[in-house]
Amino acid sequence: MAEDGDQPVIQGSTIEEPLDLVRLSLDEKVCVKMRNERELRGRLHAFDQHLNMILGEVEETVTTIEIDEETFEEIYRPSKRQIPMLFVRDKHPLPQWYDDAKIGIFIHWGVFSVPSFVSEWFEWYWKGTQPVQAVVDFINKNYPPDWTYADFANQFHAEFFEPDEWADLFANSGSKYVVLTSKHHEGFTLWPSKYSWNWNAMDVGPHRDLLGDLARSIRNRTDLKFGLYHSFFEWFNPLYNEDAKNQFQTSKFVQQKTLPELYELVLNYKPEIIWSDGDAGPDWYWNSTNFIAWLYNESPVKDTVVVNDRFGTDIACHHGDFYTCEDRYNPGKLVNHKWENCLTLDKHSWGFRREAKISDYLTIDELLSEIISSVSCGGNVLINVGPTSYGKIVPIMQERLLQLGRWLNINGEAIYNTRPWTYQNDTQNANVWYTMNPKTTFVYALALKWPVDSQLVLGAPTPSSSTKVYLLGYDDTPLNWVSSEKEQGIIIDVSTFMYGNSTNQEAHAWAFRLEKLAV
């Protein structure tokens with residue numbers, strides 16, 4: 001409720017339900033009583049029907065209670081700290097579709113796909129504060145002296161871009177959602193933005209709405225969710241650089257560029273993922289709280305949208321529907337918050353590189369290792385592809401996605417709709433990770449290497465007399481097993497399956513379903 005002395009005066013307002021009282025306190029200072037003697041006082045920027053709140057200018061007070069050993073009186077010791085912005089979460093669950101999906105496709109595509117050298121940071125490596133000599137030499141060797149980065153946009157034709165082809169590829173990969181870079185740090189938008197005049201895919205280069213075309217194909221041909229990456233800042237935008245020079249006390253860039261673009265994207269394309277990046281600057285500068293409040297409470301995707309954690313300096317890995325923390329984040333242990341491992345098929349770049357070698361790409365075994373370990377620990381995996389400037393996804397990237405799709409066709413039940421089990425990595429076999437289906441209570445042991453002695457030894461599960469074990473992708477005959485001589489553990493006989501046969505060799509990783517375990 002609003003603090004005494006700060007009550008809002010709203011003429012003609014009526015209170016018909018409890019949330020109306022909270023609504024009348026928007027932009028007012030409120031006091032929120034939490035569990036464990038925790039109290040928050042701050043300005044209420046936003047809330048939803050679950051009473052998740054976004055507070056600004058927060059003073060947090062945590063009171064500890066001690067007992068005097070002589071008088072047995074309670075001694076209250078408050079401690080305070082100031083927090084610029086705080087998400088106060090109640091019981092609002094993450095949309096189930098995202099937690100069930102597990103695997104998505106990331107697409108880094110833009111003007112940087114034309115030079116396609118070193119990485120998508122090409123412009124910064126050429127014209128930034130500390131130029132990379134290899135990039136400077138590349139320009140000097142291959143382009144005239146007066147060449148500018150904007151000249152590359154005229155060569156971004158996307159002439160072979162067939163969005164239906166992409167949509168089919170992503171569906172066949174077994175992915176459940178797609179995230180496209182609507183705008184990277186170079187500022188070029190893949191949609192005809194009113195706020196990026198003459199620096200968008202309709203005005204220059206392809207002369208088409210690349211974003212809209214892909215969105216339609218994804219939605220018309222697949223059941224994948226469609227999401228958008230958006231860079232808050234732009235390397236060389238004078239408005240942003242002016243704000244940064246002013247220590248972010250001015251916000252011309254946010255008001256004239258970032259926020260208008262975000263609202264335009266949501267209203268016109270209705271993405272169910274907002275994947276923010278390039279958030280160099282405090283959250284209050286980006287006005288993140290007001291945008292997220294609108295997104296959760298009023299936007300056309302308010303019931304299904306999820307957002308990541310890159311909405312201002314120091315926000316990453318602390319707030320958001322899911323954490324990304326850093327690129328290629330894979331903690332290897334259970335995290336008490338939904339998270340996502342965004343990784344690249346090209347180990348060194350998010351954008352397409354013409355100089356890449358075959359060894360620069362993840363093998364299917366390496367990719368499956370990342371997916372299995374991430375899902376076991378409660379994460380999703382966002383697999384990046386970098387298309388060419390002419391609109392094709394190169395064959396090696398297609399091959400990896402199709403290999404993944406074939407594997408998921410057999411082993412998908414051990415990935416989709418699962419949750420972390422009691423154990424993530426096996427206690428004896430480091431090459432085995434676990435997932436669990438909460439509806440069936442089946443536990444899945446996913447082995448990254450085939451056992452060399454015809455026995456799969458697992459230290460974590462404790463079998464019961466009713467336990468049954470199956471290898472996914474083979475017939476429904478249960479495998480033989482015996483209990484470990486130790487207090488817990490199971491030894492599974494896999495001698496029926498020869499590693500040398502083609503079916504088994506192509507598996508790359510193996511999923512064993514364990515039914516009716518004791519623990």
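**View A. A salt bridge between Asp-360 and Arg-353.** In this predicted model, the side chains of Asp-360 and Arg-353 meet in a salt bridge, with 3.0 Å from N to O. The term salt bridge here means a side-chain nitrogen of Lys or Arg within 4 Å of a carboxyl oxygen of Asp or Glu. Both Asp-360 and Arg-353 are buried. A residue is called buried under 20% relative accessible area, exposed over 50%, and partly exposed in between, using a 1.4 Å probe on protein chains only.

Before you move on, two notes on reading these views. Residues are numbered from 1 along each chain as its sequence is written, and side-chain values use heavy atoms, with hydrogens and water left out. Because this is a predicted model, local features need pLDDT of at least 70 and side-chain atom pairs count only at pLDDT 80 or more, while totals for chains, interfaces and linings use all residues.

View B. The whole structure holds 29 salt bridges, and one of them pairs the side chains of Asp-99 and Lys-338 at 2.7 Å, N to O. Asp-99 sits in helix α2 (residues 96–101) and Lys-338 in the loop between β9 (306–307) and β10 (339–344), so the pair ties together parts that are 239 residues apart in sequence. Helices (H or I, at least four residues) and strands (E, at least two) are DSSP runs, numbered from the N terminus. Asp-99 and Lys-338 are buried. Look for their partners too: salt bridges that share partners join Asp-99, Asp-100, Lys-102, Lys-338 and Arg-419 into one network.

**View C. The salt bridge of Arg-208 and Asp-213.** Here the side chains of Arg-208 and Asp-213 meet at 2.9 Å, N to O. Arg-208 counts as partly exposed because its relative accessibility is 23%, whereas Asp-213, with a relative accessible area of 15%, is buried.

**View D. His-184 in its loop.** You can find His-184 in the loop between β6 (177–183) and α7 (210–221). At 4% relative accessibility, His-184 counts as buried. Leaving aside residues up to four places away in sequence, His-184 touches His-108, Phe-112, Glu-120, Trp-121, Tyr-229, Ser-231 and Trp-235; contact means heavy atoms within 4.5 Å.

**View E. Glu-39 in strand β2.** Glu-39 is found in strand β2 and, at 16% relative accessibility, counts as buried. Its side chain is joined to that of Arg-41 by a polar contact of 2.9 Å. A polar contact is a pair of N or O atoms within 3.5 Å; within protein, one must be able to donate a hydrogen and the other to accept it, and residues adjacent in sequence count only if both atoms are side-chain atoms.

**View F. Where domain 1 touches domain 2.** Domain 1 covers 18–88 and domain 2 covers 104–115 + 156–414, with bounds that come from an automatic or database domain assignment. Nine residues of domain 1 are in contact with nine residues of domain 2. Together the two domains bury about 840 Å², 67% of it on carbon and sulfur atoms; buried area is the accessible area (1.4 Å probe) that two parts lose on being put together, summed over both. Across this interface the rule finds zero salt bridges. On the side of domain 1 that touches domain 2, the largest share, four residues, comes from β4.
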